[in-house]
Amino acid sequence: MPELPEVETIARDLDRAVSGRRIVATRLLWAKTFDARGPSLRSLRGDRVTRVHRVGKFVVFDLESGRHIAVHLRMTGQLLADGSSGLPKYARLVLAFEDGGRLVFADARKFGRWRIIEGDPRDALGIGIDPYDPALTPERFHELTRKRSMPIKTWLLGQRYISGIGNIYASEALYEARIRPTRPAGRLTRAQSGALLAALRNVMRKAIAYRGSSVDDYVDGAGMPGEFQKKLAVYGRSGEPCRRCKTAIRRVVLAQRGTFFCPVCQH
Ligand SMILES: [Zn+2]
């Protein structure tokens, strides 16, 4: 599932590809792809995309009308800015632009969702602060973990306190910060909280530079895979030697998610 670096890569690509373009037609090929509780898909006709950016793990399209489209890619969703005719096999939703180009949402497993938001996207989506928000100081990060007894890795995945982090980068950042994924969030020391925030920012910044990790179906806005999967230190490496101490990387399941760590250098 795409996480912050993959969604950031897609959003940056799409910002270049579709910002400034006016929507003239919409087509929904799989009804559940569009969350119809808000404004209708049809209401996008005549509106113009002013900017594409990331909010948590959502790709958000700001519109001239002041509204926003929020897209969650889930397992297999792909946003493809595409000028050609003919649709990809798993096309679920299409926006056609005034200039003849279009944006196609393809989604083999059909879990991806689109919705239209009026008001602030982060509030509407109910998600916490962004890891790169300058307001997220080490002190604030530490404060957010207080009195939380869940494992720190599960806390990172929750989206409620801090948003954008998923399974891959939680494991990677905890390894870099030398923190055991099972440690209760509320038991991190001030120094560990600071190290973890720095590791999250560092690992995901590098992943963005490599255009994300393609461990499942992730592709960028041009349909190309990322490269960071080759750089992962622990994720998917159970039984392989730790790059610091050579101990075999271990895999455990936390909150139904595969979790990778070094049993020697993470405490
Ligand atoms: Zn180790």
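**Cysteines and their setting**

Reply: The structure holds zero disulfides, a disulfide being a pair of cysteine sulfur atoms within 2.5 Å. In general, a disulfide is a covalent bond between the sulfur atoms of two cysteines.

This is a predicted model, where local features need pLDDT of at least 70 and side-chain atom pairs count only at pLDDT 80 or more, while totals for chains, interfaces and linings use all residues. Residues are numbered from 1 along each chain as its sequence is written, and side-chain values use heavy atoms, with hydrogens and water left out.

Take Cys-262. Its relative accessibility is 0%, so Cys-262 counts as buried. Buried means under 20% relative accessible area, exposed means over 50%, and partly exposed lies in between (1.4 Å probe, protein chains only). Cys-245 has a relative accessible area of 29%, so Cys-245 is partly exposed.

Now the chain around them. Of its 267 residues, 51% count as buried. The secondary structure comes to six helices and ten strands. These are DSSP runs: helices are H or I with at least four residues, strands are E with at least two, numbered from the N terminus.

Next, contacts, meaning heavy atoms within 4.5 Å. Among those between residues at least 6 apart in sequence, 62% join residues at least 24 apart.

Finally, the extent. Along its principal axes, the C-alpha trace spans about 55 × 35 × 30 Å.
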